[in-house]
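Dear colleague,

Please find the structure we discussed directly below. I would be grateful if you could read the notes after it with the model open.

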Amino acid sequence: MVAAALSPAGSAPGKSPRSGTNFPLRKTTGTAGFHLSKDAVDLGFDDLNKLTERQAILMLADARWGSTTYMPCPHCGTLDTHYWFGKERRWKCKSCDKRFSVTSGSVFADHKLSLTKIIKIVFTWVNGSSGKPALQLRRDWNVAYGTAFTLAHKLREGLMRGFNVGVLAGVVEMDGADMNGRRYREKRNKPQGGGNAPKPTIPAHLLKPEVDPETGEILVMGPPKPHKHDKKHRMPPDRRILHVIRLRGLNKGKGASNTRVAVALAESTYTVTAVATRFASAESAVMSDEDPSYAKFSQLFAEHKTINHSKAYSAPGGVSNNQAESFNWRMRRLVEGIYLSPSNKYLVDYAVEAAWREDTRRLSTGKKLRHVLGVALRVGLSLWWRGYHQGKHRQEELLVEGPKPVKGRGKKKGWTGRPPR
């Protein structure tokens, strides 16, 4: 107890329980303390179970329009206090005389489930710390798998079109990470070396050229090799790069405040520049690693600082991209441990979901629910999931390089199973 009192978290070293060696304690951000506080939970299933259909409509109206009486008509756009018909649970526009509901013109249009059940399913999806699979939603709420799957993807579509937008200004961190197609089978069950294992020798034709440290002249020039020693040609075709940009929060030690993501085929100069100029303002200070693809950032932004990860995680003056690295780690946990390797076709959808969960980590349960409902209701009709069960699927993968046509993973049209013996 005395040692704990004399060693505040984040300042004094501790001892590892296994080796007994000293190690620096990680600085706490206070997020765990927030989740244990009363402010983290202001809405539960007991509250939602008391919701009537009318109260559910008013909750969605407030999340969508910010009011339960004054709203725009989805047909003509007229802002007014439109006529309310209680039996139909709809409004009638004072201008065009057309009737509309709280879900008209939204991703939830033409819904078959009751609004109270939709809110409860969304609440379950929101409360997942790292995600919530559609199979679990199906088991929790006794709905068809397709119903849970499309509902979750409609939420992701709303976040893609209404949340993963806008320019960040300030100190931003950027990084790229391999997702999918990472050649696990070549490394599985094979020793990667240990503390006493001899270090493998590098072939002579792959060695870097020797340079004189004083004059900078090349002493020994090896044979020319492609960029990163043929790494691009050795990568599997289904490999994707997740690019993430995170804005540092104004409160020091509280983590990032805003996150933007994009998926590309490679971490090249073109892709990182396209993502950075799309999501970061020219007045921003960009932090990244020393990958050569970021070399032009000093000409595009007010400041560009790099960190050499082979030497340190951070440098004096706040030079690091640890927030972006942290997101990549959480995204990999979501891909491998929660959703079990989603297809590249919808990889960006899951990445946007992970970004939303990171940025709303300090919101209460009720505020998270209203936030995701508000974003999803305001983006308009669903572009990719309306008529999904009737065969209207998204036929392309959304990449930084541009849409790429992809094949479906399901059975071909007209497929029939093998007859029984």
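This is a predicted model: local features need pLDDT of at least 70, side-chain atom pairs count only at pLDDT 80 or more; totals for chains, interfaces and linings use all residues.

Residues are numbered from 1 along each chain as its sequence is written, and side-chain values use heavy atoms, with hydrogens and water left out.

Overall make-up

The protein has 13 helices and 16 strands; these are DSSP runs numbered from the N terminus, with helices being H or I of at least four residues and strands E of at least two. Of its 421 residues, 41% count as buried (buried is under 20% relative accessible area, exposed over 50% and partly exposed in between, with a 1.4 Å probe and protein chains only). Among contacts (heavy atoms within 4.5 Å) with a separation of 6 or more, 64% join residues 24 or more positions apart.

Helix packing

Axes here are lines fitted to C-alpha atoms, for helices over the stretch in contact, and angles run from 0 to 180 degrees between N-to-C directions. Angles under 35 degrees count as roughly parallel, over 145 as roughly antiparallel, 65 to 115 as roughly perpendicular and the rest as oblique.

Helix α4 (residues 53-65) and helix α5 (residues 115-126) have axes that come within 8 Å and cross at roughly 55°, which makes α4 oblique to α5. E53, A56, I57, M59 and L60 of α4 meet L115, T116 and I119 of α5. By class, these residues are six nonpolar, one polar and one charged (Ala, Val, Leu, Ile, Met, Phe, Trp, Tyr, Cys and Pro are nonpolar; Asp, Glu, Lys and Arg are charged; the others, Gly among them, are polar).

Helix α5 also packs against helix α13 (residues 365-377), the axes coming within 10 Å and crossing at roughly 115°; α5 is therefore roughly perpendicular to α13. In this contact, I119, V122, F123, W125 and V126 of α5 face T365, K368, L369, V372 and L373 of α13. Eight of the contact residues are nonpolar, one is polar and one is charged.

Helix α6 (residues 134-141) and helix α7 (residues 145-162) have axes 8 Å apart at an angle of about 125°, so the two are oblique to each other. A134, L135, L137 and R138 of α6 make the contact with Y145, A148 and F149 of α7.

In helix α9 (residues 269-279), the buried residues are T271, V272, T273, V275, A276 and F279. They pack against β8 (171-179), β11 (240-248), β12 (256-264) and α10 (297-300).

R89 lies in the loop between β5 (83-85) and β6 (90-92), and its relative accessibility of 41% makes it partly exposed. Not counting residues up to four places away in sequence, R89 touches E53, I57, W84 and S101. E53 and I57 also belong to the contact of α4 with α5.

Cysteines

The whole structure contains zero disulfides, a disulfide being a pair of cysteine sulfur atoms within 2.5 Å. For C73, the nearest cysteine sulfur is that of C93, 3.7 Å away; C73 is buried because its relative accessibility is 3%. For C93, the nearest is that of C76, 3.6 Å away, and C93 is buried at 0% relative accessibility.

With kind regards
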